[in-house]
Every structure is written in C-alpha cells, then in structure tokens.
Amino acid sequence: MSKQNWFDVDKAGLGRQAEEHSKGRLIGELIQNALDEAGVTQIAVSLTLVPGRPLADLTVEDDSPEGFKDLSHAWTLFAESYKRGNPEQRGQFNLGEKMVLAVCESASVSTTTGTVFFDPDEGRIEKPRQKRERGSAFQGRIKLTREEYPQTADYLRSLLLPENIVVTFNGDRLLPRNPIRTFEATLETLVADDQGVMRPRQRKTQVSIFEALPGETPSLYEMGLPIVETGDRWHVNVGQKVSLNRDRDNVKPAYLQAVRIAVLNAAHDLLTTDEEATAAWCKLAGSDPRCSDEAIKHLIRLRFGEKVAAPDPSDTEAMKRFQSQGGTIVVGLSKGEWANIKRAGAVLPAGQICPTAKPYSLDPQAKPVTVIPEEKWTERMRNIAAYARFLARELMGVEITVSVVHTTNNFAACYGAGRLDFNLLRLGHAWFEQGPTEVVDRLLIHEFGHQFSGDHLSDEYHEALCLLGARMKRLALEKSEAIRQFLLK
C-alpha cells in the first residue's frame, strides 16, 4: 500500500484565495522572487491580453546566474526557504509563485536546474534535463480581465525598484525613484532560528520615504513592494522583512505605529503645513512617548504658530494677556501629546510666560514683609488710610483694614479679603502727602475693583470699575462735605 501525503491542496480553492489579491500583487510576488536571487541585473515582465478571452500571457524572466536552487520549490507549498534566515530577502513562506499558479490556466517554470510544466490536462510535467544556462523564466496564461489590465500596469509602475537592477514591463523600463530621505531605524523583523522557526527580532535597517505620484495612495512598502495603503504623507519603504500576516497584505497596528514614529522623528522638518501636522498619522506618532522633542516642537509650531502657551487655570489673566499680545493658547491635544510637550518643554504655561503680578508670594516659607506700625505713620498716611476706609464703606458697603508696608515686592498697593496694603517703598512719602487727588482715587478704584474680580482682563473687573466710577460721581454730588474733610488744609 502506497504512502499517502497528509495534505492535499485544492488548486481551485487556492485560486479563489489568490483572486482576493490584485493581479498586480500576484505578479509582484514573482518580481520579488527574482529580486532576491543572487547576481540578478535584469528582470523582464511581459503581459499580453488574449483576444476574446479574460486571460493574459504572462512572462517574468531574470538573469540570475544560479536560477532556482531547488526546482521543486516551484510547486511545494511551505518548503524550507533559504530566504527565511536573511532579513534582507523578501520571501519566507515559499507561497508567492503558488498563488500565481493557482490563477493560471497553464504555466511553466524554466531555470538552471530544469523545467516544469503545469498542464490543465496532464498536471505537472517535470523536465530535469531541459535547463537554462542562467536565470529563470515563469510563463503562464493567467486569468485577467480587460478591466484588471490597467490596474495591474499601475501596480507594477508603483514598485520602488533598486537602481542597480533593470526591470522592464512590456519592453519599457520601470524607472527607479529617488527617495526624499533615507534614515536608519530599529524595527521588528522576522528571522529563522536554528530550527527554522521565524522569530520576531528588533533590528536596525534602512528606511526611505518617497513622494507618492499623482493617483497613488501613500503606502507601506517592504523592500520595494507595496504592502498596505496607509494614506500617510509619503510612501515608506522598509529595507528588511516586515512582520506581515500570512496573506502578506497587512501589518500589526503596533508595527505601523513604530514605522510612523521613526518617519516623524527623522523627517518632521519636511512637514510644512498645519494640514500635514494635523493628519491622523502625525497625531498618533506625536502622542507616542517615542516621539522626539524636536518632532513634537515642530508639530506644535505648524499647528499653533511660534508664540504659544499652555492653558493656566491658576492664572487666567495671564492667558488673556498672552492672547492680547498675539499669542495662541494651545488646546485640543491628546494626553500623550501633552506628555511629550511637557517633557520637551515645548509649551510653557501662560502664567510662566507673562505672569500676573502677585503682591505676595504663595510660599509659606517666604520672608514676611515689613509692616509699618500705625504709631510711625505720618499724619498724611493716616489721612489717606481714613479716606480709603471711607470710600470702601460708601462705594462697596464693606469695612476694610488698611496697612502700610515696606517691601521690594512689585506692587504699589494690593487689596483682597477686606484688606488694603499700601507699599511705601513703591509709592514714596510724596504720594501720601498729596492728599486724595485724582492719582490716589485712580489707585483706590483699581484696587477696589478686586472686591468683585481678581482678573484684570475679565468682564467682571471691567464692569466693577465702571460701577465704582459711577458711584464715585454720585458720592461727590451727595456727600461733598464728607469728602472735603480729607482734603489738605
């Protein structure tokens, strides 16, 4: 009794799975195999529609000196591939040409180790003596409609090909493109261990970015072959095996994020507009802790301008003052973006950039100010203090305490919680000697406005000053004699 294989492969079933990919992608698998061969300098692809039938004659031919090392790999799924141990070669599953064969009506593979024909009636026919002197040629009649043909041609023209290998399509060279930047990045790749099992490993590799041509969607590439459309700013070509799914048409989200971060850190200076800086991929990369300080600073400049500040709830007046000076308060960022901004010192709180003057330090360990005892006040000081208490009662209906202090703090007077302090160091004795003049009234109205609001730029503070001014006029009309008692004699 003959030994039976454990598995069989249904060609029609495999073909249906292959049809889920574009025909350009399938032909790209053959080009990929040729690019991986040692010593290859030329690859010729031809694709000709068969008149009156949804088929095309396909040829992919290369000039590699060795050709197929093992011809059986042309028909053996998941055979041990020598490429598995080399992260800079594309193949690993020995699946690509089988997917193409599955959508072919007939085909052949001819190489330096023999020829094999795939016949719809007779099956596989091996011709080990029918050899080529160099290189390999795949020929097949592939299922292809007239509507698929231009899409396939566009796919082949989207390949990012090396300059040292001439690849032609129907006689015309597929021109290599020049990257706008190439840099080194550490990314996950797959390398076979001693038992041939593919294991993930972090490895440094070359990454290049390219402008997408009109009609193209920026995509992620593996050594020149597009894997998945990203819609990001550029085509990104990774110079080593990419951790792909079995269908080789997508990557894990974590891998794509690592690629985006590497691109942002290396090429953020090529972004020039707010629209580019607010693109989804930029926001995702800018939220990641691996985003560089320079990158997050550049994104903030593009989105908000050069003069920026962070919201400062402890000093809302500073925020308004900063905006009035032409600055922008940065809002609408993610938690990750704010964490990177803080680490980079990219945006300072408004209160640190243009702080609102605070009469006294909030530090409980700060040195206390010198309070001048009332017995050391001059008569003019007592007169101004009495005038201030009188106005507080009449204008605001509150009783206040008045102190005269001597401090280097940057205020002439300050009011809060029913307490008014005059700073003798800033005002000087002459200020008190003048009596209740317009200069004194202006300072008192300014300070008494803080009975209603501590924010100089708020509507409440503005309305309070208007109210106090109106009440001051009425007081002057109705109690002029009471005011005259404070005038100098």
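This report describes selected sheets, helix packing and salt bridges of a predicted model.

## Basis of the description

The structure is a predicted model, in which local features need pLDDT of at least 70 and side-chain atom pairs count only at pLDDT 80 or more, while totals for chains, interfaces and linings use all residues. Residues are numbered from 1 along each chain as its sequence is written, and side-chain values use heavy atoms, with hydrogens and water left out.

Helices (H or I, at least four residues) and strands (E, at least two) are DSSP runs, numbered from the N terminus.

Two strands are said to pair if DSSP finds at least two bridges between them. Strands of a sheet pair through backbone hydrogen bonds, either parallel or antiparallel.

Val 207 stands opposite Val 238 in E13.

## The four-stranded sheet

A second open sheet to be described has four strands in the order E16-E17-E19-E18, again with mixed pairing. E16 and E18 are the edge strands, each with a single partner strand, so one side of each has no neighbour in the sheet. H12 packs on this sheet and touches E17, E18 and E19, its direction making about 140 degrees with that of E17; contact here means heavy atoms within 4.5 Å.

Strand E16 (residues 370–371) and strand E17 (residues 401–406) run antiparallel and are joined by two bridges. Val 371 has Val 405 of E17 as its bridge partner. E17 and E19, in turn, run parallel and are joined by five bridges.

Two packed helices are described by the angle between their axes and the distance between the axes. Helix H12 (residues 379–396) packs against helix H16 (residues 459–478) at an angle of about 105 degrees, and their axes are 10 Å apart. H12 is therefore roughly perpendicular to H16, a label given to angles of 65 to 115 degrees, whereas angles under 35 count as roughly parallel, over 145 as roughly antiparallel and the rest as oblique. H12 contributes Tyr 387, Phe 390, Leu 391, Glu 394, Leu 395 and Met 396 to the contact, and H16 contributes Leu 468, Arg 471, Met 472 and Leu 475. By class, this contact of H12 with H16 has eight nonpolar, no polar and two charged residues. Ala, Val, Leu, Ile, Met, Phe, Trp, Tyr, Cys and Pro count as nonpolar, Asp, Glu, Lys and Arg as charged, and the others, Gly among them, as polar.

Helix H15 (residues 438–448) has as its buried residues Val 440, Asp 441, Leu 443, Leu 444, Ile 445, Glu 447 and Phe 448. Buried means under 20% relative accessible area, exposed over 50% and partly exposed in between (1.4 Å probe, protein chains only). The cover over the buried residues of H15 includes H12, strand E18 (413–416), strand E19 (419–423), helix H13 (424–427), helix H14 (429–433) and H16.

## Salt bridges

The whole structure holds 26 salt bridges, each a side-chain nitrogen of Lys or Arg within 4 Å of a carboxyl oxygen of Asp or Glu. Arg 25 and Glu 29 form one of these, with their closest N and O atoms 3.5 Å apart. Both residues lie in helix H2 (residues 23–36), four residues apart, or about one turn of the helix. Arg 25 and Glu 29 are both buried.

Asp 57 and Arg 141 also meet through their side chains in a salt bridge (2.8 Å, N to O). This pair links distant parts of the chain, with Asp 57 in strand E2 (residues 55–62) and Arg 141 in strand E6 (residues 137–143), 84 residues apart. Asp 57 is partly exposed at a relative accessible area of 33%, and Arg 141 is partly exposed at 25% relative accessibility. Glu 19, Lys 23 and Glu 148 are linked in a network of salt bridges.

Technical notes:
Axes are lines fitted to C-alpha atoms, for helices over the stretch in contact, and angles run from 0 to 180 degrees between N-to-C directions.
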